[in-house]
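These are my notebook entries on a single structure. I record what I looked up, entry by entry, with the criteria beside each term.

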Amino acid sequence: MNPKEIFLCSICNVTSGNCAEDCKYCTQSSHYNTNVPTYKNKPIEDILHEARSLKEYGALGFCLVTSGRGLDSKKCEYIAQAARAIKEADLGLHIIACCGRADLDSLKYLKANGVDSYNHNLETSKNFFPQVCSTHTWSERFETCENALKAELGLCSGGIFGLGESWEDRIDMLKTLQILTPHSSPINFYIANPNLPIKAPKLSKEEALDCVALAREFLPKTRLMIAGGREHIFGEDQKKLFECGINAVVLGDYLTTKGEAPKNDVDRILLYGYTPATSCH
């Protein structure tokens, strides 16, 4: 990886909200009245429109994200259909699926239908996870990451900092990611919501940068992707994130949170002396 190149990836929230899981950090959980948009199976033409739009700004990765615990047969076929449509459009995008728990056969099917990588975040350490979710286990998450590797998909896995976890928890999560060796690791910072149970204080810029530097130390060859929470903590002054090891950015909107206008992100990257990557390799 060229240290002066920044990989741009975009998220397409293809199903939103109404999730039965009780993850205390997630606005899409039906357990909390967060009033996020709810819909199921965004039309394929809308997905293609988003893919083309983000590609124009230099996005190389395009992630199809579904709410809910896992990948059942109907959801698997829908994601496969979307992936095939994007590949047939010849946009040159690296397609990522992010659909929760997934078995090996389902992941092999997605790969056969055009999906290049699977995203499933550990979120936090094994010991701390029961504090933020009770409806599924951390081990289930780890198993899905292993399944993605067995299916010979690229693995994208990271976590959230600022949930109230300790530094020991952060190190434990990073040690586990080190074992999984994901090609990409999303770094998220928790954004408090009055309707979510987690009331942890907002991370300072200094602590957030320390988290990034620690992630780079444990994952020297992994693409570290700054994702949710960067605008919340850093505002317009994001240069130090890249100096601490960030070499990938989520371009545009997040799942239920507005992001930067894509052009603004690209302009900022150029201003800092970096260039958008032109290849996934």
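**Entry 1. The annotated cysteines**

I began with C19, which is found in the loop between β1 (5–13) and α1 (44–56); helices (H or I, at least four residues) and strands (E, at least two) are DSSP runs, numbered from the N terminus. The model is a predicted one, in which local features need pLDDT of at least 70 and side-chain atom pairs count only at pLDDT 80 or more, while totals for chains, interfaces and linings use all residues. Residues are numbered from 1 along each chain as its sequence is written, and side-chain values use heavy atoms, with hydrogens and water left out.

I noted that C19 counts as buried because its relative accessibility is 10%; buried means under 20% relative accessible area, exposed over 50%, and partly exposed in between, with a 1.4 Å probe and protein chains only. Not counting residues up to four places away in sequence, C19 touches Q28, S29, S30, H31, G68 and R69, contact meaning heavy atoms within 4.5 Å.

I then turned to C26, which is also in the loop between β1 and α1. At 23% relative accessibility, C26 counts as partly exposed. Leaving aside neighbours within four places in sequence, I find C26 in contact with Y32 and L196.

From the record, I took the UniProt annotation "binding site" (unreviewed entry), which covers C19, C23 and C26. UniProt positions are given in the numbering used here, feature names are shortened, and annotations may be inferred rather than shown by experiment.

I asked how many residues of strand β3 (residues 94–98) are buried. The count is five of its five residues. H94, I96 and C98 point one way from β3, and I95 and A97 point the other way.

I looked next at the pairing, for which DSSP must find at least two bridges between two strands. Strand β2 (residues 61–65) runs parallel to β3 and is joined to it by five bridges; the bridge partner of G61 in β3 is H94. With β4, strand β3 pairs in the parallel sense over two bridges, and A97 stands opposite Y118 in β4. The chain crosses from β3 through α3 to β4, and I recorded this β-α-β crossover as right-handed. The term applies if, with the strands pointing away from the viewer, the path from the first strand over the helix to the second runs clockwise. A right-handed β-α-β unit is also made by β2, helix α2 (residues 73–88) and β3.

In helix α3 I checked S106. S106 counts as buried because its relative accessibility is 12%, and, with residues up to four places away in sequence not counted, S106 touches L71 and C76.

**Entry 2. Helix α4**

I compared the length of helix α4 (residues 138–150) with expectation: at 1.5 Å a residue its 13 residues should span 18 Å, and the end C-alpha atoms are 19 Å apart, which agrees. The expected span is 1.5 Å times one less than the number of residues.

The buried residues of α4 are W138, E140, R141, F142, T144, C145, N147 and A148. They pack against α3 (104–112), β4 (117–119), β5 (154–156) and α5 (167–180). After α4 comes E152, whose phi is positive, near 65°.

**Entry 3. Aromatic pairs**

I searched the whole structure and found four aromatic pairs. W138 and F142 form a stacked pair, 5.6 Å centre to centre with 10° between the planes. Rings of Phe, Tyr and Trp (its six-membered ring) pair if their centres lie within 6.5 Å; planes under 30 degrees apart count as stacked, over 60 as edge-to-face and the rest as tilted. W138 and F142 are separated by about one helical turn because they are four residues apart in helix α4. I also noted one aromatic cluster formed by F242, Y272 and Y274.

**Entry 4. Strand β8**

I asked which way the side chains of strand β8 (residues 223–226) point. R223 and M225 point one way, L224 and I226 the other way, and all are buried.

Strand β7 (residues 184–189) pairs with β8 in the parallel sense over four bridges, and the bridge partner of S185 in β8 is L224. With helix α6 (residues 205–218) between them in the listing, β7 and β8 make a right-handed β-α-β unit. I found β8 paired in the parallel sense with strand β9 (residues 248–250) over two bridges, where V249 in β9 is the bridge partner of I226.
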